[in-house]
Amino acid sequence: MAASRVLLLLSGRPVSPSFAQSVCRLLGAGPGLGPWPTHCGFKRGRLVLSDGSFPDASTTLPLQSSDQTVLLTRRTSTLSLSPNLWVPPGGHVELDEELLDGGLRELWEESGLQLPQDQFSWVPLGLWESAYPPRLSWGLPKYHHIILYLLVVSQESQQQLQARIQPNPNEVSAFMWLGPDVAAAVATTEDGTERSRHLPQELPPSILIVELKEDGGARPLALPVSTLLRTTPTTAEGKERVSSGTKFALRLWLQHLGR
């Protein structure tokens with residue numbers, strides 16, 4: 001029904017979008033977060049959207065998709081370093097490897113996603129200094145890292161990426177697409193912050209994730225949002241939670257969105 005009420009004009013020619021197609025992408029929305037200017041009119045009960053000016057266009061309006069989510073993966077429980085933590089795909093940069101190349105390689109190795117060079121944009125978000133274990137009560141630090149968070153914005157929709165994702169079961173036990181509202185709540189639970197005064201009351205009780213099964217398949221699962229709001233425990237219990245560095249990166253992502 002939605003498609004019958006919307007008419008797209010691409011290079012002056014009418015196009016009927018399917019349910020699975022992104023109107024933003026069809027109209028030539030560029031890389032980044034938008035919004036993008038779109039020529040708009042109303043004719044015979046239908047909204048007319050065009051990538052260029054047309055005779056009956058009444059105005060030019062900003063168009064932006066609500067498809068703003070960030071991919072997080074849960075590290076497997078068998079990893080010796082930071083097991084069961086929710087983090088963005090990432091890892092070590094190889095010698096003589098460019099930072100972006102290293103990030104895209106790790107994305108592919110952990111999630112199976114390869115992004116065509118002309119279909120994404122990127123910006124560096126920030127640096128995080130990390131030690132593991134994260135608390136002295138767990139023992140003396142064994143690892144010390146400088147983490148650079150890169151924001152890579154794909155021109156593909158979440159649904160298109162979801163159709164191609166193939167997580168590496170040796171490193172990833174689950175993945176999810178986290179939206180801005182829940183991300184804002186998670187970001188306020190960073191260690192040392194006051195959690196209770198910032199959390200919105202409208203938070204959903206759970207969020208949908210995809211968990212990998214032992215037989216190689218995957219299943220949707222409702223994860224309690226309270227799991228994502230946990231802070232670093234005083235003892236090394238291996239509880240599922242979002243890493244402190246990831247919460248820092250989520251704050252930077254939200255600032256980039258203007259939230």
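## Arg105 and Glu106

Let's start with Arg105, which pairs up with Glu106 in a salt bridge, their closest N and O atoms sitting 3.2 Å apart. A salt bridge here is a side-chain nitrogen of Lys or Arg within 4 Å of a carboxyl oxygen of Asp or Glu. Side chains of opposite charge can pair when their charged atoms come close.

Arg105 counts as buried because its relative accessibility is 18%, and Glu106 counts as buried too, at 8%. Buried means under 20% relative accessible area, exposed means over 50%, and partly exposed is in between (1.4 Å probe, protein chains only).

## About the model

This is a predicted model, where local features need pLDDT of at least 70, side-chain atom pairs count only at pLDDT 80 or more, and totals for chains, interfaces and linings use all residues. Residues are numbered from 1 along each chain as its sequence is written, and side-chain values use heavy atoms, with hydrogens and water left out.

## A linked network

The structure has seven salt bridges. One of them joins Arg74 to Glu240, with the closest N and O atoms 3.1 Å apart. Arg74 is in strand E6 (residues 70–75) and Glu240 is in the loop between helix H6 (225–228) and strand E13 (241–242), so this pair ties together parts 166 residues apart in sequence. Helices (H or I, at least four residues) and strands (E, at least two) are DSSP runs, numbered from the N terminus. Both Arg74 and Glu240 are buried.

Glu211 forms a salt bridge with Arg219, at 2.7 Å between the closest N and O atoms. Glu211 is buried at 13% relative accessibility, while Arg219 is partly exposed at 41%. Through shared partners, salt bridges join Arg74, Glu211, Arg219 and Glu240 into one network.
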